[in-house]
Amino acid sequence: DIQSEYYANIMTKAPEDCESSSCYDLAIWIQYDEDPGLIVSTGSSSDECSHGFIPISVDEKWQDYAITMEANSQSSGEKKVWVNGELVQSCNYSNNALVNTNDLIFGNRFGQAIEYLDEISIWDRIMSEEQINQFFSSNIIDDSESLLGYWKFNVGSGDILYDHSGNQNHGTIYGATWEENIYGCTDSLAENYNSDANIDDA
């Protein structure tokens, strides 16, 4: 059930009336229940690769996700998923959803939004594992021509989320607010406790 209270949406691209995985071009969720994990859905739930569950640890620390999809046809190809630089899924899909022209939505879908997002980029080429890890560690972009969209989530004003790719795919913010990240110790019992910190730097 994609409307379960245990899901938090990271990214979706689907018609507004879509209520099943078969009509998604792309959907990425985190599952928070007793079996936490990541779901990268690119098609029908009858295809384990297109709609497979990936068990991962879900905690309050930042995590890096990378997804590559190399198409063999409009509905089939190879998908790979990395979490914090580790390859956690590599499979061939055969029941992919048709590409649509609907808006790409970060965060909220069906009222279930992930609390924090940062650094989302979309490319029109396949990146190697080495390139993915290099980007995670340095955020250096060595091929700007292949970059379709790059949202840093730390620069904007009002209800505008700026695209830093140069393609001007700026987003409109609905129901979210800008928040300054203050790193420090959030443990009130620790000697170096910082009452102003909202992100633990441990």
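Which residues make a nonpolar surface patch of about 340 Å²? The patch is made by Trp 62, Tyr 116 and Tyr 183. In this description, patches are made of residues with over 30% relative accessible area and no salt bridge, where like charges are joined within 9 Å and nonpolar side chains (Val, Leu, Ile, Met, Phe, Trp, Tyr) within 5 Å. A salt bridge here is a side-chain nitrogen of Lys or Arg within 4 Å of a carboxyl oxygen of Asp or Glu. Accessible areas come from the Shrake-Rupley method with a 1.4 Å probe, and for residues only the protein chains shown count as cover.

Before we go further, please keep in mind that this is a predicted model: local features need pLDDT of at least 70, side-chain atom pairs count only at pLDDT 80 or more, and totals for chains, interfaces and linings use all residues. Residues are numbered from 1 along each chain as its sequence is written, and side-chain values use heavy atoms, with hydrogens and water left out.

Let us start with Trp 62. You will find Trp 62 in the loop between strand S4 (53-55) and strand S5 (65-71); helices (H or I, at least four residues) and strands (E, at least two) are DSSP runs, numbered from the N terminus. Trp 62 counts as partly exposed because its relative accessibility is 40%, where buried means under 20% relative accessible area, exposed over 50%, and partly exposed in between (1.4 Å probe, protein chains only).

The order is S4-S3-S2-S1-S8, with antiparallel pairing. S4 and strand S8 (104-106) are the edge strands, each pairing on one side only. From one strand to the next, the twist averages 20°, with axes being lines fitted to C-alpha atoms, for helices over the stretch in contact, and angles running from 0 to 180 degrees between N-to-C directions.

Now walk across the sheet. Two strands pair if DSSP finds at least two bridges between them. S4 is joined to strand S3 (residues 37-41) by three bridges, and Leu 38 has Ile 54 in S4 as its bridge partner. Further along, six bridges link S1 with strand S2 (residues 26-31); Tyr 7 is partnered there by Gln 31 of S2. Strand S1 (residues 7-13) is mostly covered, with seven of its seven residues buried.
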